[in-house]
Amino acid sequence: PEIAKLFKRMARYSDLHADEVQNLAEGLSLPAIAPWAFKWNCLEGPESPCMDDVSYLMNRLQALDLALHNEIRGRDFYAGVVTSSPDPEVRRLAEQMFEEESVHVDLLKEWIALKAQDDEAPLEDLDPPNAPE
């Protein structure tokens, strides 16, 4: 339950980020980017897990590790924008998002340190998928 509360809190941070970006983009004319001209590593953005990384058998520590991995990806994405954007305002906003993501990374590292000792072993899949080869 306590990790579920943490994830709800992290989800709220993501909602706040989305609202902030939407408000900043209001009224802007954004360039058209063809779908094939840009692609995330997964279907979603850098803070979302690839579905191949998620399992119904994950234990708490594995879920925290995956969340940390995604927060680091998000932080690194904004760091890249800070160093690559020619627009000073975009760099300023990306720096702000980078700092917020760094706080999330640190928060998850603290939770992992607290939970690492008492986490359970991964579960064995007693009914694995059966795909014909």
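**Close-up views of a predicted model**

**View 1. The N-terminal cap of helix 3.** D87 caps the N-terminal end of helix 3, with a side-chain oxygen 2.7 Å from the backbone nitrogen of E89. The structure shown in this and the following views is a predicted model.

**View 2. Helix 3 along its length.** Helix 3 covers residues 88–115, 28 residues in total. At 1.5 Å a residue the helix should span 40 Å, and its end C-alpha atoms lie 41 Å apart, so the two values agree.

**View 3. The buried residues of helix 3.** The buried residues of this helix are L93, A94, M97, E101, S102, H104, V105, L107, L108, W111, I112 and K115. Their cover includes helix 1 (2–25) and helix 2 (60–84).

**View 4. The aromatic pair F77 and Y78.** A search of the whole structure finds 1 aromatic pair. The pair is formed by F77 and Y78, with 5.2 Å centre to centre and 70° between the planes. Because planes over 60 degrees apart count as edge-to-face, the pair is classed as edge-to-face. F77 has 33% relative accessibility and counts as partly exposed, whereas Y78 has a relative accessible area of 16% and is buried, the limit for buried being under 20%.

**View 5. The largest pocket.** The largest pocket holds about 990 Å³ of space. Helix 1, helix 2 and helix 3 are the elements that give two or more residues to its lining. Helix 1 provides the largest share, 8 residues. The lining comprises 30 residues, and those nearest the pocket centre are V21, A25, F77, Y78 and V90. Both members of the aromatic pair, F77 and Y78, are thus shown again in this view.

Conventions: Residues are numbered from 1 along each chain as its sequence is written. This is a predicted model: local features need pLDDT of at least 70, side-chain atom pairs count only at pLDDT 80 or more; totals for chains, interfaces and linings use all residues. Side-chain values use heavy atoms; hydrogens and water are left out. Rings of Phe, Tyr and Trp (its six-membered ring) pair if their centres lie within 6.5 Å; planes under 30 degrees apart count as stacked, over 60 as edge-to-face and the rest as tilted. Buried means under 20% relative accessible area, exposed over 50%, partly exposed in between (1.4 Å probe, protein chains only). Helices (H or I, at least four residues) and strands (E, at least two) are DSSP runs, numbered from the N terminus. The expected span of a helix is 1.5 Å times one less than its number of residues. Contact means heavy atoms within 4.5 Å. A polar contact is a pair of N or O atoms within 3.5 Å; within protein, one must be able to donate a hydrogen and the other to accept it, and residues adjacent in sequence count only if both atoms are side-chain atoms. On a 1 Å grid over the protein atoms alone, a cavity is a set of points where a 1.4 Å probe fits but cannot get out, and a pocket is an open set with protein on both sides within 12 Å along at least five of seven lines; lining residues have an atom within 4 Å of a point. Grid points are joined across faces, edges and corners, and a volume is the space filled by probe spheres set on the points.
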